[in-house]
Amino acid sequence: ELLANIDVEDLDTATTFYCRGLGLTIGRRFGPGAVELLGASSPIYLLEKPAGSAATLPDTRGTMRGLDTGALDFVVPDIHAACARAVAAGATLETEVRTHIWGHIAGLSDPF
């Protein structure tokens, strides 16, 4: 099983964005600083952390929260509708939908 953790500064705002933008639903709450989101192939955990704090698992590069440290890819039945939904919820379309031999892909970033 794979777990995805996303550090966010404002848990309520991030939860609203990921539920509206990606169609995820709230699973469990872990006190005031963490929430489990369901609806993807693996659970996604939003963890409230201040910007600039050390990453959950420090590495030799000194990764800090608030920097782009990875990406999540979602398989969707209609990429254009999924992009429109995410943008309406506050995402930024970084790269338009592109077609490849294996399918379509677009790049979006969350508002955080």
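Strands S5 and S6 form a hairpin, with two residues between them. S5 covers residues 92–100 and S6 residues 103–109. The two pair in the antiparallel sense over six bridges; pairing requires at least two DSSP bridges between strands. Leu-93 stands opposite Leu-108 of S6. Strands (E, at least two residues) and helices (H or I, at least four) are DSSP runs, numbered from the N terminus.

The model is predicted: local features need pLDDT of at least 70, side-chain atom pairs count only at pLDDT 80 or more, and totals for chains, interfaces and linings use all residues. Residues are numbered from 1 along each chain as its sequence is written, and side-chain values use heavy atoms, without hydrogens and water.

Four strands form an open sheet of mixed pairing, in the order S1-S4-S3-S2. S1 (4–8) and S2 (25–29) stand at the edges, each with a single partner strand, so one side of each has no neighbour in the sheet. The twist averages 30° from one strand to the next. S2 and S3 (residues 34–38) run antiparallel and are joined by three bridges. Arg-29 has Val-35 as its bridge partner in S3. Helix H1 (residues 11–22) packs on this sheet and touches S1, S2, S3 and S4 (44–48); contact means heavy atoms within 4.5 Å. The direction of H1 makes about 5° with that of S3. Axes are lines fitted to C-alpha atoms, for helices over the stretch in contact, and angles run from 0 to 180 degrees between N-to-C directions.

Leu-22 lies in H1.
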